[in-house]
Amino acid sequence: MKGSVSGTTGVCEKLQLCTGDITRLEVDAIVNAANSSLLGGGGVDGAIHRAAGPKLLELTRSLGGCPVGEARITPGFDLPARWIIHTVGPVWRGGAHGEANQLRRAYDSSFILARERGVKRIAFPAISTGAYGYPLPEAAHIAIDAGVKHRKDFETIIYCCFSEAVAAVYRAAVEDYNQ
Ligand code: AR6
(Lines give C-alpha, C1' and ligand atoms only; values in the text may rest on other atoms or scores of the structure.)
Protein backbone atom coordinates (compact mmCIF):
# COMPACT_ATOMS: atom_id res chain seq x y z
CA MET A 1 0.00 0.00 0.00
CA LYS A 2 3.05 2.24 0.23
CA GLY A 3 2.43 5.15 -2.09
CA SER A 4 -1.22 4.38 -2.70
CA VAL A 5 -2.66 7.12 -0.54
CA SER A 6 -5.17 8.68 -2.84
CA GLY A 7 -4.74 12.37 -2.35
CA THR A 8 -6.21 14.79 0.08
CA THR A 9 -9.69 14.65 1.47
CA GLY A 10 -10.41 18.15 0.33
CA VAL A 11 -10.56 19.52 3.87
CA CYS A 12 -6.84 20.23 3.93
CA GLU A 13 -3.53 18.86 2.65
CA LYS A 14 -2.83 16.95 5.85
CA LEU A 15 -6.01 14.87 5.84
CA GLN A 16 -5.84 12.04 3.32
CA LEU A 17 -7.94 9.08 2.28
CA CYS A 18 -6.62 5.72 1.20
CA THR A 19 -8.29 2.45 0.34
CA GLY A 20 -6.90 -0.88 1.51
CA ASP A 21 -5.40 -2.71 4.43
CA ILE A 22 -4.20 -0.48 7.27
CA THR A 23 -1.61 -3.06 8.37
CA ARG A 24 0.41 -2.31 5.23
CA LEU A 25 0.82 1.40 5.86
CA GLU A 26 4.27 2.78 6.52
CA VAL A 27 3.34 5.47 9.01
CA ASP A 28 4.44 6.28 12.56
CA ALA A 29 1.25 4.90 14.09
CA ILE A 30 -1.84 3.02 13.01
CA VAL A 31 -4.95 3.03 15.16
CA ASN A 32 -6.70 -0.20 16.05
CA ALA A 33 -10.48 -0.44 16.51
CA ALA A 34 -10.11 -2.77 19.48
CA ASN A 35 -12.50 -4.10 22.11
CA SER A 36 -12.11 -3.29 25.77
CA SER A 37 -10.23 -6.52 26.53
CA LEU A 38 -7.43 -5.51 24.11
CA LEU A 39 -6.96 -9.23 23.50
CA GLY A 40 -7.78 -9.19 19.81
CA GLY A 41 -10.88 -10.06 17.82
CA GLY A 42 -12.13 -9.92 14.25
CA GLY A 43 -12.12 -7.14 11.66
CA VAL A 44 -9.27 -4.69 11.69
CA ASP A 45 -8.27 -5.81 15.20
CA GLY A 46 -7.74 -9.37 13.99
CA ALA A 47 -5.80 -8.17 10.96
CA ILE A 48 -3.54 -6.03 13.13
CA HIS A 49 -2.84 -8.86 15.58
CA ARG A 50 -2.03 -11.25 12.75
CA ALA A 51 0.29 -8.80 11.04
CA ALA A 52 1.99 -7.56 14.21
CA GLY A 53 2.69 -11.11 15.44
CA PRO A 54 2.24 -12.88 18.79
CA LYS A 55 4.29 -10.43 20.83
CA LEU A 56 1.45 -7.97 20.53
CA LEU A 57 -0.94 -10.24 22.43
CA GLU A 58 1.75 -10.97 25.03
CA LEU A 59 1.97 -7.25 25.71
CA THR A 60 -1.73 -6.41 25.57
CA ARG A 61 -2.43 -9.16 28.13
CA SER A 62 -0.45 -7.06 30.61
CA LEU A 63 -2.34 -3.82 29.95
CA GLY A 64 -5.54 -4.67 31.82
CA GLY A 65 -7.90 -3.64 29.04
CA CYS A 66 -9.12 -0.23 27.93
CA PRO A 67 -12.48 1.47 28.54
CA VAL A 68 -14.62 2.79 25.68
CA GLY A 69 -13.34 6.18 24.51
CA GLU A 70 -9.81 5.71 25.85
CA ALA A 71 -6.63 4.60 24.08
CA ARG A 72 -3.46 2.61 24.82
CA ILE A 73 -0.23 2.40 22.86
CA THR A 74 2.03 -0.53 21.99
CA PRO A 75 4.90 -1.03 19.58
CA GLY A 76 3.97 -2.18 16.10
CA PHE A 77 6.18 -5.29 16.36
CA ASP A 78 6.19 -6.89 12.88
CA LEU A 79 4.16 -4.09 11.28
CA PRO A 80 5.73 -1.39 9.15
CA ALA A 81 4.17 1.13 11.56
CA ARG A 82 6.27 1.91 14.63
CA TRP A 83 3.31 2.15 17.00
CA ILE A 84 -0.21 0.81 17.37
CA ILE A 85 -2.70 2.97 19.20
CA HIS A 86 -5.52 0.77 20.44
CA THR A 87 -8.78 2.54 21.03
CA VAL A 88 -12.24 1.28 21.82
CA GLY A 89 -15.20 2.79 20.04
CA PRO A 90 -18.82 2.43 21.16
CA VAL A 91 -21.24 -0.29 20.16
CA TRP A 92 -24.09 1.40 18.28
CA ARG A 93 -27.31 1.10 20.30
CA GLY A 94 -29.51 3.48 18.32
CA GLY A 95 -27.66 6.72 18.97
CA ALA A 96 -29.29 7.85 22.20
CA HIS A 97 -26.73 6.29 24.51
CA GLY A 98 -23.87 8.72 24.16
CA GLU A 99 -22.36 6.92 21.19
CA ALA A 100 -21.33 10.11 19.37
CA ASN A 101 -19.46 11.43 22.41
CA GLN A 102 -17.80 8.08 22.94
CA LEU A 103 -16.68 7.83 19.34
CA ARG A 104 -15.35 11.37 19.44
CA ARG A 105 -13.45 10.57 22.63
CA ALA A 106 -11.91 7.50 20.96
CA TYR A 107 -10.52 9.75 18.21
CA ASP A 108 -9.43 12.51 20.59
CA SER A 109 -7.71 10.04 22.96
CA SER A 110 -5.86 8.46 20.04
CA PHE A 111 -4.66 11.81 18.73
CA ILE A 112 -3.53 12.93 22.19
CA LEU A 113 -1.57 9.74 22.85
CA ALA A 114 -0.01 9.95 19.39
CA ARG A 115 1.08 13.52 19.95
CA GLU A 116 2.63 12.59 23.30
CA ARG A 117 4.77 9.96 21.51
CA GLY A 118 5.89 12.34 18.80
CA VAL A 119 3.86 10.64 16.07
CA LYS A 120 3.69 12.74 12.92
CA ARG A 121 1.99 10.36 10.47
CA ILE A 122 -1.07 8.50 11.76
CA ALA A 123 -3.68 6.30 10.09
CA PHE A 124 -7.18 5.48 11.32
CA PRO A 125 -9.64 2.79 10.29
CA ALA A 126 -13.36 3.60 10.39
CA ILE A 127 -13.71 2.93 14.12
CA SER A 128 -16.97 1.29 15.30
CA THR A 129 -18.44 1.01 11.79
CA GLY A 130 -17.98 -2.75 11.35
CA ALA A 131 -18.91 -5.23 14.07
CA TYR A 132 -19.96 -2.37 16.36
CA GLY A 133 -22.59 -1.16 13.88
CA TYR A 134 -22.08 2.61 13.97
CA PRO A 135 -23.65 4.21 10.86
CA LEU A 136 -20.77 5.04 8.55
CA PRO A 137 -21.83 8.54 7.38
CA GLU A 138 -22.16 9.82 10.95
CA ALA A 139 -18.94 8.10 12.03
CA ALA A 140 -17.05 9.59 9.07
CA HIS A 141 -18.18 13.08 10.09
CA ILE A 142 -16.86 12.57 13.59
CA ALA A 143 -13.57 11.17 12.26
CA ILE A 144 -13.02 14.15 9.98
CA ASP A 145 -14.05 16.72 12.55
CA ALA A 146 -11.57 15.24 15.04
CA GLY A 147 -8.82 15.27 12.40
CA VAL A 148 -9.45 18.93 11.64
CA LYS A 149 -9.23 19.76 15.32
CA HIS A 150 -5.93 17.92 15.87
CA ARG A 151 -4.25 18.51 12.49
CA LYS A 152 -1.87 21.14 13.81
CA ASP A 153 -0.01 18.41 15.73
CA PHE A 154 0.54 16.10 12.72
CA GLU A 155 2.08 16.01 9.27
CA THR A 156 -0.40 13.51 7.84
CA ILE A 157 -3.67 12.04 9.03
CA ILE A 158 -4.80 9.13 6.89
CA TYR A 159 -8.32 7.72 6.91
CA CYS A 160 -7.77 4.16 5.74
CA CYS A 161 -10.96 2.88 4.10
CA PHE A 162 -11.21 -0.87 3.69
CA SER A 163 -13.22 -0.60 0.47
CA GLU A 164 -14.09 1.90 -2.22
CA ALA A 165 -17.63 2.00 -0.81
CA VAL A 166 -16.28 3.20 2.54
CA ALA A 167 -14.05 5.75 0.81
CA ALA A 168 -17.07 7.12 -1.09
CA VAL A 169 -18.86 7.75 2.20
CA TYR A 170 -15.81 9.56 3.57
CA ARG A 171 -15.66 11.72 0.44
CA ALA A 172 -19.31 12.63 0.87
CA ALA A 173 -18.66 13.50 4.52
CA VAL A 174 -15.84 15.80 3.44
CA GLU A 175 -18.14 17.53 0.95
CA ASP A 176 -20.72 18.09 3.68
CA TYR A 177 -17.98 19.32 5.97
CA ASN A 178 -16.88 21.92 3.46
CA GLN A 179 -20.36 23.36 3.00
N1 AR6 B 1 -7.67 -2.31 7.25
C2 AR6 B 1 -8.50 -1.24 7.30
N3 AR6 B 1 -9.80 -1.32 7.66
C4 AR6 B 1 -10.28 -2.53 7.97
C5 AR6 B 1 -9.49 -3.70 7.95
C6 AR6 B 1 -8.13 -3.56 7.57
N7 AR6 B 1 -7.29 -4.59 7.52
N8 AR6 B 1 -10.27 -4.77 8.31
C9 AR6 B 1 -11.50 -4.28 8.54
N10 AR6 B 1 -11.51 -2.94 8.33
P11 AR6 B 1 -14.33 -3.52 12.73
P12 AR6 B 1 -15.48 -2.07 15.04
C13 AR6 B 1 -12.62 -1.98 8.47
O14 AR6 B 1 -15.42 -4.51 12.80
O15 AR6 B 1 -16.74 -1.85 14.32
C16 AR6 B 1 -13.37 -6.55 16.47
O17 AR6 B 1 -13.71 -7.89 16.62
C18 AR6 B 1 -14.04 -2.52 8.42
O19 AR6 B 1 -14.43 -2.74 7.07
O20 AR6 B 1 -12.94 -4.00 12.54
O21 AR6 B 1 -14.86 -0.93 15.79
C22 AR6 B 1 -12.82 -5.94 17.74
O23 AR6 B 1 -12.09 -6.87 18.51
C24 AR6 B 1 -14.80 -1.35 9.05
O25 AR6 B 1 -15.00 -0.33 8.07
O26 AR6 B 1 -14.29 -2.63 14.10
C27 AR6 B 1 -14.06 -5.49 18.44
O28 AR6 B 1 -14.66 -6.54 19.17
C29 AR6 B 1 -13.81 -0.82 10.09
O30 AR6 B 1 -12.54 -1.40 9.76
C31 AR6 B 1 -14.97 -5.07 17.32
O32 AR6 B 1 -14.55 -5.82 16.18
C33 AR6 B 1 -14.16 -1.19 11.53
O34 AR6 B 1 -14.71 -2.50 11.59
C35 AR6 B 1 -14.81 -3.61 17.00
O36 AR6 B 1 -15.76 -3.27 16.03
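At 7% relative accessibility, Cys160 counts as buried. This is a predicted model, and in it Cys160 takes part in no disulfide. The nearest cysteine sulfur belongs to Cys18 and sits 3.8 Å away. A disulfide needs the two sulfur atoms within 2.5 Å.

What about Cys161? Cys161 is buried too, at a relative accessible area of 1%. The closest cysteine sulfur to that of Cys161 is in Cys160, and because the gap is 6.8 Å, that is too far for a bond. The tally for the structure is zero disulfides. As a reminder, a disulfide is a covalent bond that joins the sulfur atoms of two cysteines.

## Around the ligand

Now to the ligand. How many residues surround the ligand? There are 20, and the closest are Asn35, Gly42, Val44, Asp45 and Gly130. Which helix gives the most to the shell around the ligand? That would be helix 1, spanning residues 43–52, which puts in four residues. If you go looking for pockets, the largest pocket is the space that the ligand takes.

Here are some atom-level distances to check in your viewer. Ile22 uses its backbone: an N or O atom there lies 3.0 Å from a nitrogen atom of the ligand. With Asn35 the side chain is involved, with an N or O atom 2.7 Å from an oxygen atom of the ligand. Thr129 also brings in its side chain, where a polar atom lies 3.3 Å from a ligand oxygen. As for cover, the ligand on its own has 700 Å² of accessible area, and the protein covers 87% of that.

Gly42, one of the closest residues to the ligand, has its place in the loop between strand 2 (29–34) and helix 1. Is Gly42 buried or exposed? With 52% relative accessibility, Gly42 counts as exposed, because the cut-off for that label is over 50%. That percentage takes only the protein chains into account. Along the chain, Gly42 and Ala131 are 89 residues apart, yet their C-alpha atoms are separated by 8.3 Å.

Leu38 is found in the loop between strand 2 and helix 1 as well. Its phi is near 60 degrees, a positive value in a residue other than glycine. Leu38 counts as buried, at 2% relative accessibility.

Where is Ser128 found? Look in the loop between strand 5 (121–124) and helix 4 (136–150). Ser128 is another non-glycine residue with a positive phi, here near 75 degrees. Its relative accessibility is 5%, so Ser128 counts as buried.

## An exposed arginine

Last stop: Arg82, in the loop between strand 3 (71–75) and strand 4 (83–88). Arg82 is exposed, and its relative accessible area is 59%.

Methods
Residues numbered from 1 in each chain as written. Predicted model: local features only at pLDDT ≥ 70, side-chain atom pairs only at ≥ 80, totals over all residues. Heavy atoms only, no water. Buried < 20%, exposed > 50% of the residue type's maximum accessible area, 1.4 Å probe, protein only. Near = heavy atom within 4 Å. Polar contact = N/O pair within 3.5 Å; in protein donor to acceptor, adjacent residues only side chain to side chain. Areas by Shrake-Rupley, 256 points an atom, 1.4 Å probe, with all protein chains shown as cover. 1 Å grid on protein atoms, 1.4 Å probe; cavity = no way out; pocket = protein on both sides within 12 Å on 5 of 7 lines; lining within 4 Å. Sits in = over half its atoms within 2 Å of the grid points. Helix = DSSP H or I, 4+ residues; strand = E, 2+ residues; numbered from the N terminus.
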